[in-house]
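Come along as I look things up.

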Amino acid sequence: MAILQDKVCVITGGAGSIGLATARLFLAEGARVLIVDLKEEALAEAAQALGSENLATQAADVGDAGQTQAYVDAAVSRWGGVDVLFCNAGNAGPIGGIEQYPEDAMDTVYRVHVRGSFLGCKHALPHMSAGGSIIITSSVAGLGGSPGVYAYATAKHAQIGLMRSLAKEVASRGIRVNTLHPGPVDNAFQTGIEKDFGVLIGGGDATALMNSMIPMGRHGRADEIAQSALYLASPMSSFTTGSLLIVDGGFTA
Ligand SMILES: NC(=O)c1ccc[n+]([C@@H]2O[C@H](COP(=O)([O-])OP(=O)(O)OC[C@H]3O[C@@H](n4cnc5c(N)ncnc54)[C@H](O)[C@@H]3O)[C@@H](O)[C@H]2O)c1
């Protein structure tokens with residue numbers, strides 16, 4: 001039997017790189033998948049690329065409570081509950097020195113990663129039961145600091161606090177909560193960050209610098225992150241909760 005046969009999986013940021021790769025893998029493993037993202041057009045493109053009758057889409061801003069309730073309701077009314085919640089939506093925010101750092105970035109970035117993950121958990125949990133799994137995409141930026149990455153790095157650290165607290169609250173219900181920590185991934189999101197970081201380090205090639213800091217010598221691929229999400233989503237990780245899964249080619253070793 002497929003690893004996620006008939007499991008209902010909700011993936012936020014599902015039209016993006018890691019979310020889409022994860023949706024593809026979960027569908028191949030028998031899941032019913034709702035992808036959530038900001039824009040209808042991006043969701044329509046994703047749906048076309050995935051081409052599965054077990055896929056549904058819902059446009060929502062994960063930072064909005066009403067829209068969160070609506071995407072959870074969409075999964076529940078269609079399939080009866082939620083087995084896996086993958087809080088994966090993300091925005092990068094600016095990179096720059098602290099004195100010039102824009103104050104509103106602390107709100108716009110937190111809104112997606114921290115408030116968005118919190119709201120997803122709050123609204124999905126009433127529909128989850130024993131065996132359920134919540135996965136929050138943090139980052140290696142949630143494990144250590146980088147100069148200038150103030151909003152993103154602190155938001156990614158904060159997600160661990162949410163995960164750890166919630167894991168302890170829902171363990172007795174048989175529901176697991178973990179964070180996933182990708183290192184740099186070869187996609188547009190990371191390219192944007194590296195462009196900004198390159199400016200901060202005086203015009204250097206941030207991509208080459210990153211590769212030189214990764215023992216495996218390369219960026220990850222979205223499908224490699226998806227494999228790790230599959231592990232956390234599935235009964236293969238039945239005794240894993242409150243934990244951090246680092247997928248970074250040795251970057252933080
Ligand atoms: N790309 C990397 O190298 C990398 C590394 C570590 C962690 N991450 C994390 O992985 C996750 C996925 O990133 P990705 O690399 O696939 O980037 P991506 O930009 O391809 O995907 C992120 C998706 O989130 C969506 N999104 C943003 N704000 C939203 C909101 N308010 N409501 C709903 N959806 C929203 C975007 O529209 C986009 O489709 C993010 O949380 C990111 O921080 C990425």
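**Entry 1: a pair across the chain.** I am working from a predicted model. I started at Arg111, which forms a salt bridge with Asp61. I looked up the gap, and the closest N and O atoms are 2.6 Å apart. Where do Arg111 and Asp61 lie? I found Arg111 in helix α4, residues 105–124, and Asp61 in the loop between β3 (55–59) and α3 (65–79). The pair therefore ties together parts that are 50 residues apart in sequence. I also checked the accessibility of Arg111: its relative accessible area is 32%, so I noted Arg111 as partly exposed.

**Entry 2: how many in total.** I then asked how many salt bridges the count comes to. My note reads four.

Entry 3: Next I turned to Arg221. Its side chain meets that of Asp223 in a salt bridge, at 2.9 Å from N to O. Arg221 also forms a salt bridge with Glu224, where the closest N and O atoms are 3.6 Å apart.

- Arg221 has a relative accessible area of 42% and is partly exposed.
- Asp223, at 38% relative accessibility, counts as partly exposed.
- Glu224 is partly exposed too, at 23%. I wrote down the limit here, since buried means under 20%.

**Entry 4: around the ligand.** Now for the ligand. Which residues come nearest to the ligand? There are 27 residues around it, and I listed Ile18, Asp37, Tyr152, Val185 and Asn187 as the nearest.

I was glad to meet Asp61 again, the salt-bridge partner of Arg111. An N or O atom in the side chain of Asp61 is 2.9 Å from a nitrogen atom of the ligand. Tyr152 places a polar side-chain atom 2.6 Å from a ligand oxygen. With Val185 the polar atom belongs to the backbone, and it is 2.7 Å from an oxygen atom of the ligand.

**Entry 5: cover and setting.** How much of the ligand's own accessible area does the protein cover? I noted 89% of 810 Å². I also looked up where the ligand sits, and the place is the largest pocket. The elements that give two or more residues to the shell around the ligand are α1 (17–28), α4, α5 (150–170) and α6 (188–200). Helix α4 is also where I found Arg111.

Note on methods
Residues numbered from 1 in each chain as written. Predicted model: local features only at pLDDT ≥ 70, side-chain atom pairs only at ≥ 80, totals over all residues. Heavy atoms only, no water. Helix = DSSP H or I, 4+ residues; strand = E, 2+ residues; numbered from the N terminus. Buried < 20%, exposed > 50% of the residue type's maximum accessible area, 1.4 Å probe, protein only. Near = heavy atom within 4 Å. Polar contact = N/O pair within 3.5 Å; in protein donor to acceptor, adjacent residues only side chain to side chain. Areas by Shrake-Rupley, 256 points an atom, 1.4 Å probe, with all protein chains shown as cover. 1 Å grid on protein atoms, 1.4 Å probe; cavity = no way out; pocket = protein on both sides within 12 Å on 5 of 7 lines; lining within 4 Å. Sits in = over half its atoms within 2 Å of the grid points.
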